[in-house]
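Please examine the sequence and the three-dimensional structure shown below. The paragraphs that follow lead the reader through them step by step.

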Amino acid sequence: MKRLLVLVTFGVLKLSAQQMELRSNVTIQRSADEATGTASIEGTVINDVTNAPVKKAQVHLSGPLRHMVSPAVTDATGHFAFTHLDAGSWFVQASHSNFDMNRGLILGDNHKQVTVTADQHVSGVELRLTPMGSISGSLIDEFGDPAAGCQVGAVSMANGANRRPRQQWAANSDDRGEYQIADVPAGRYFVFERCPGALAAPHGFLPRGDPRTPSLAFVPEFYGGTPGLTGATSVLVHPGAEARGIDFRVKTVAASSMEIRLASTQPYDPKSVQVTIRPVDAPMWGFPAFLDFKTGMFRSQPVAPGSYTITADVFNNPRLHGETTVNIGKGAPATAEVDLAAPMSVAGTLHMDTEEQAERGGPLQVMLQPLADWYGSELPQTTVNKDGSFTLPNVVVGRWRLQVMNTQASVRSATFGDREISPGGFDIVPGAAGPLYVVLTSKRMQTAVRVTGVENGTQAQVVAWPKDAEAGDPYQQFSAMVEGGSSVANLSVPPGSYRVYALESTQPWAIAQDPALWAAIADRGKLVEAKDDAGAAEVNVTVDLITRDEVKRALDRALQ
Amino acid sequence: MPMVSFNSVVHAVWRRAALLRLLAAMSAAVLLPAQTASVSGTVVNDATGAPLHMALVTMTTTGPKPMEASVYTDSHGAFTFQAPPGSYYLAADENGYEHTFFGAPTPDRAAAVMRLHAGETRQGIQLRLRPFAAISGVVVDQDNDPIPYVHVSAVVPTIERGKHTYQVRNGAGTNARGEFRIHQLLPGRYYLMANGERIQATTVRPVVAVNESAPQMVYAPAYYPGVTRIEDATAIDVRAAVEVRDIVVHMEARQTATVHGRVQLPEGVTAAGGLMVQFQPTGLVSPENLIGQGVGADGTFGPINLIPGSYRVNAQASGEIGYRGVQDVELQPGPQEITVAVSRGVAISGRLVLEGPNAGDLAREQVSLFPAEKMMAPLTEAVKADGSFQFPNVFPGVWDIGVSPIPKGGFVKSMMLGDQDVLTEEMAIGPDTSQALNIVVSSRGGVVSGTVEQPEDPLADLTGHERPRILLAPAGKFADVLSFFEFTAADENGHYELTGITPGEYKLYAFEQLELGAWRDPDFMKRLASAGKPVTVHEGDHLTVDTEVMPLPPGGAR
């Protein structure tokens, strides 16, 4: 039934968005005879797990800007070739929708930098792709019958104190109760089931549609039988493998629905309100609540008893938002009230600590990025006035990260009200009003970073992450390259405290975000205090290189 | 379908339920007056006769403001209700089976009414549920590689406006391995259509020269086993409860047509609000799959990448002043320019006359126009107290006319566009149409009632009293005017009544089973032509016509 609905929702508007996507994807009409180069590059794309060639992998070539190169698509032997190339340095990268791009970037095995001279033919370029895995199982109810049309989600958790879901994958159970979540990158997942809708419960004679009609709801649950992440059993997905038998026995309980009264001092159109209820502390999708035209109140769909967060949003004029946490079920009040309020406008100023112009490449913009589990509203974002003042709209209570765009300068410090905040993550609590005062700095302190372990002819990346960043969740990154042989990087950072790492991988940010990799490298960093006192001495620090092999071993260990 | 409070809005998933103790607690909550009747029976799989555990059985009163009670069957498929005396419908629902009413094992029969007397005990009722079937398989490309995330639809023949066409019955998407499974299918003959028009096709292209452009490729819609026209497709016959497996649908990658275009406004008009173009594939089943794009302020649109083929391009402005134009195009692979000229529609004014006693109040009437073409929206205008109405902007095309409310027992006596009879013929509005639309509604429709003679059925209390389906079909000149057909079911005593009949020549038929809308098939009506009881109805007539149940013609309703 669910599937059918998906099919019939094909609407004109929905499709036009797709069309926009195609629109931006204009074919470049240039003829091949403009190409006068005589070099070529060829190679093979290999499955890193099976060592078999990858068919229909896309291989992208980039190099001198004046050339437009459309991607090659490998044949059954994994073969690709680019011809008529000018002499120079070319970057080749492979991808395929069933293979893990992120892992390829971290390990650096899905791309190569290839330098060709005129007439040179480079062959044997090997690009490796790690296949994604999948998760499958079945959902049955307490009588052993399939639970159809349920959603099954897999969540991998990000680093950082917020335990934000990093990425999510989902599938629906079919009429046999079976599901398969395909193309999941290797890693550790929490899997949950969530069956929408309500079931009829047996009852005596009542008027059809009577709100007293009892109904049953399926209990949403994480694999391992817990309502939230705490105590849930994680599922390990190996590259190219299917984690099978992730089965759920879905419980049914008497469902309760909650009547939701919205209170607002401003008039609004009840038809433009979106009300959802979501289990507290469980990273799953919410359930909708619907407007009862007779009473003007909202009613949640019947759900299993428990704690829920009710969120109400008016997206049209005026923009209003409200949320509250309630208990639903036996003994709990049947009505909840949600106060709708216009989101706060937070006034603030940007101040530069030097005489330099902060603006670069467009007007300065300030934005707050939500660190909440789920955020579906407009983001607080605004352009900064010439005098440095700004007013951020759409600010609601929650945890946020401060970002300043169109500048080379970085945030040196910030205060909200009379409180000093870390731009990487700060709370806006009820009643807080600001102002937000931000100091930008264009000062750069020179740090000489000696890296041990860099072999001749190879490169390494030195990165500095703010010391106050939550574990594995750097909000800023400063980097420099080390060429093998010299082994000293000149890293320039704004005044502040940092942890400095040297990595062979070109994707340090992705490494920090991965909990397993972060755990493996966290204590390899060196603390650097970059002070802007007059006459402060240049900082010297030595770090040892975190090699690709180490990262690969850490990835492999995480899958054991 | 039994109601749960949110059933209509949430995609309620019908499954079996729950803890038995919970169920017991819930059913116990109902107090019943003394002298209740008791109804019990079983729910079984129609194909195997096996009892169905945890099927939902619902009893509903027949009158207005229905009251409803539900129980689940036990492990023997058994259910019992205690109910006050009265008239009820009884229905059963189970996942994987067709929703079924008592007395109507198939939907081409009318649901039986169960009359219960005080203190009566009725046992041994059986509700037989037809199990659904499924079709499963894989969709592959020109290299026999699976294609993920395309839609596969099960398509059945149907008749629309007297023409044979097709409609989508059910569908499913392919998974990451290109596999699909369409379930909830009733036994029958299906065609499969795979449609992946928004999926970029990958074709092997191992050697690329710098500056060489890559054509954009998409999969052309295909019918099983791998043809582009449904007329060439192979049908799949599905039996009850069976899964037809290993169906392979082949799709082919094709280079897209890249369309740029311009909307040409009428002379003197410089801007039109909300301009949008839509492309409707004209050779495809499921034409509601429209691809649209907004038109820029300079009147241009594109690029739009489309699968080569025939399309009807519809350009429409939804601003304060509406404009519309259509253009049929045949798109070839590669870049293409099109121009669509739009114009204002025409104003159609008219008058409604109400005739006869209690014909109602003109000021409460409204007239609607329904477009034959799906890309336009219906129009509705209120009638003024003097009976006049006006549609300020009707675009060229065929429109059906509706008047609401029709007085009780009344009928539409005439609809004339100028001197064209648009009650019995299609109303085609052209760019120069200027005639008035005059409508007469009379409250004095004909009434035909009577009794259908039926053999005594000693088991009727347990299987449901049969309620023959009655069809009154126009005969002669107006035999194909769909609005003249009348359809009802007799009650359990065989009595029927049809009201609001347009005067004319008719034939009356009574069948044990007849699918709703079967008369829309001109072939079926042709096969019926020699049977039936001729009836002539004049305005205000009250006729009594008794008849008997007749067999369906050879070939049934298909």
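Two strands are said to pair if DSSP finds at least two bridges between them. With this in mind, one may turn to a pair of residues in the model, which is a predicted one: Gly348(A) stands opposite Phe390(A), a residue in strand 31 of chain A. The strand that pairs with strand 31 here is strand 28 of chain A, covering residues 344-352; the two run antiparallel and are joined by 5 bridges.

These strands belong to an open sheet of 5 strands in chain A, whose order is 31-28-36-33-34 and whose pairing is mixed. At its edges are strand 31 (389-395) and strand 34 (419-421) of chain A, each of which pairs on one side only. On average, and with direction ignored, neighbouring strands of this sheet are turned by 30° against each other.

Strands 33 and 34 of chain A form a hairpin with 2 residues between them, and Gly417(A) in the turn has a positive phi of about 65°.

Chain A also holds an open sheet of 7 strands, with mixed pairing and the order 26-25-22-23-24-21-27. Why does one side of strand 26 and of strand 27 of chain A lack a neighbour in the sheet? Strand 26 (320-328) and strand 27 (335-340) of chain A stand at the edges and have a single partner strand each, so one side of each is left without a neighbour in the sheet. Neighbouring strands of this sheet are turned by 30° against each other on average, if direction is ignored. The partner of strand 26 of chain A is strand 25 of chain A (residues 306-314), and 9 bridges join these two antiparallel strands. One of the residues involved is Tyr308(A), whose bridge partner in strand 26 of chain A is Val326(A).

The discussion now passes to chain B. This chain has 3 helices and 43 strands, and its C-alpha trace spans about 85 × 65 × 50 Å along its principal axes. Of its 558 residues, 41% count as buried. Among contacts in chain B between residues at least 6 apart in sequence, 71% join residues at least 24 apart.

Strand 2 of chain B, residues 56-61, is mostly covered, as 5 of its 6 residues are buried. Strand 2 of chain B pairs with strand 3 of chain B (residues 67-72) in the antiparallel sense over 5 bridges, and Met59(B) has Ala69(B) in strand 3 of chain B as its bridge partner. The hairpin of these two strands of chain B has 5 residues between the strands, and Lys65(B) takes a positive phi near 50° there. Strand 2 of chain B is also joined by 6 bridges to strand 5 of chain B (residues 86-93), and this pair runs antiparallel. In strand 5 of chain B, Ala92(B) is the bridge partner of Val57(B).

Is Gly387(B) buried, partly exposed or exposed? A residue counts as buried if 20 or more other C-beta atoms lie within 10 Å of its own, and as exposed if there are 12 or fewer. Gly387(B) counts as partly exposed because it has 17 C-beta neighbours inside 10 Å. Gly387(B) lies in the loop between strand 29 (379-382) and strand 30 (388-394) of chain B. Although Gly387(B) and Ala363(B) are 24 residues apart in sequence, they are 7.4 Å apart in space, C-alpha to C-alpha.

The last topic is the nonpolar core. In soluble globular proteins, nonpolar side chains tend to be buried together. In the largest nonpolar core, which has 197 residues, Val191(A) and Leu192(B) touch the most other members. Beyond its neighbours within four places in sequence, Val191(A) is in contact with residues including Ile135(A), Val152(A), Phe222(A) and Ile246(A). A second, separate core has 33 residues, among them Val449(A), Ala460(A), Val463(A) and Trp465(A).

Note on methods
Residues are numbered from 1 along each chain as its sequence is written. Chains are lettered from A and ligands numbered from 1 in the order in which they are written. This is a predicted model: local features need pLDDT of at least 70, side-chain atom pairs count only at pLDDT 80 or more; totals for chains, interfaces and linings use all residues. Helices (H or I, at least four residues) and strands (E, at least two) are DSSP runs, numbered from the N terminus. Two residues are in contact if their C-beta atoms, placed from the backbone, lie within 7 Å. A nonpolar core is a set of buried Ala, Val, Leu, Ile, Met, Phe, Trp, Tyr and Cys residues joined through C-beta atoms within 7 Å. Axes are lines fitted to C-alpha atoms, for helices over the stretch in contact, and angles run from 0 to 180 degrees between N-to-C directions.
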